[in-house]
Amino acid sequence: MIVKYVQPDRSGIQAHNFTRHSIGYVVRGKKCVYYGDVCHEIPQGTLFYMGMGNHYTEDVPEQGKNFEQIVFYYTCLLYTSDAADERS
């Protein structure tokens, strides 16, 4: 699933619980991803990855312009081969 988010105002730090992995691209503004008290900035024009689980983020728009990002959500399937089980 591909989603484009547009956010006109700064809404502070938000908590997300992702049930899928995601790869995103910051089109305009910057994104802050928090690990504890440390903010990791993702500037405009940068790809980012977020795994499943809880994340704390803040989307910061440019002055007078909306924050924009495009995110691709996907499910990661683990493939295991039965070939090892079939050996005699």
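**Close-up views of a predicted all-strand model**

Glutamate 68 forms a salt bridge with arginine 28, and their closest N and O atoms are 2.9 Å apart. Glutamate 68 belongs to strand β8 and arginine 28 to strand β3, so this pair ties together parts that lie 40 residues apart in sequence. The model in these views is a predicted one.

**Figure 1. The salt bridge between glutamate 68 and arginine 28.** The two residues also face each other in the strand pairing, as arginine 28 stands opposite glutamate 68 in β8. Is glutamate 68 buried or exposed? Glutamate 68 counts as buried because its relative accessibility is 11%, and the limit for buried is under 20%. Arginine 28, at 27% relative accessibility, counts as partly exposed. The pair is part of a network of salt bridges that links Lys4, Arg28 and Glu68.

**Figure 2. The protein chain as a whole.** The chain has eight strands and zero helices. Read along the sequence, its pattern is β-β-β-β-β-β-β-β. Of its 88 residues, 30% count as buried. The chain exposes about 6,300 Å², and carbon and sulfur atoms supply 53% of this area. Among contacts with a separation of 6 or more, 73% are made by residues 24 or more positions apart.

**Figure 3. An open sheet of four strands.** In what order do the strands of this sheet lie? The order is β1-β8-β3-β6, and the pairing is antiparallel. Strands β1 and β6 (47-50) are the edge strands, each pairing on one side only. On average, neighbouring strands of the sheet are turned by 25° against each other, with direction ignored.

**Figure 4. Strand β8 and two of its pairings.** Strand β1 (residues 2-7) runs antiparallel to strand β8 (residues 67-74), and six bridges join them. Strand β3 (residues 21-28) also pairs with β8 in the antiparallel sense, over seven bridges. Which residue of β8 stands opposite valine 3? The residue is valine 71. Valine 71 is also the bridge partner of glycine 24.

**Figure 5. The salt bridge between glutamate 58 and arginine 10.** The closest N and O atoms of this pair are 2.9 Å apart. Glutamate 58 has a relative accessibility of 8% and so counts as buried. Arginine 10 is exposed, because its relative accessible area is 54% and the limit for exposed is over 50%.

**Figure 6. The salt bridge between lysine 31 and aspartate 59.** How far apart are the closest N and O atoms of this pair? The distance is 2.7 Å. Lysine 31 lies in strand β4 (residues 30-35) and aspartate 59 in strand β7, so the pair ties together parts that are 28 residues apart in sequence. Lysine 31 and aspartate 59 are both buried. Side chains of opposite charge can pair when their charged atoms come close. The structure holds five salt bridges, among them the one between lysine 31 and aspartate 59.

Conventions: Residues are numbered from 1 along each chain as its sequence is written. This is a predicted model: local features need pLDDT of at least 70, side-chain atom pairs count only at pLDDT 80 or more; totals for chains, interfaces and linings use all residues. Side-chain values use heavy atoms; hydrogens and water are left out. Two strands pair if DSSP finds at least two bridges between them. A salt bridge is a side-chain nitrogen of Lys or Arg within 4 Å of a carboxyl oxygen of Asp or Glu. Buried means under 20% relative accessible area, exposed over 50%, partly exposed in between (1.4 Å probe, protein chains only). Contact means heavy atoms within 4.5 Å. Accessible areas come from the Shrake-Rupley method with a 1.4 Å probe; for residues, only the protein chains shown count as cover. Axes are lines fitted to C-alpha atoms, for helices over the stretch in contact, and angles run from 0 to 180 degrees between N-to-C directions.
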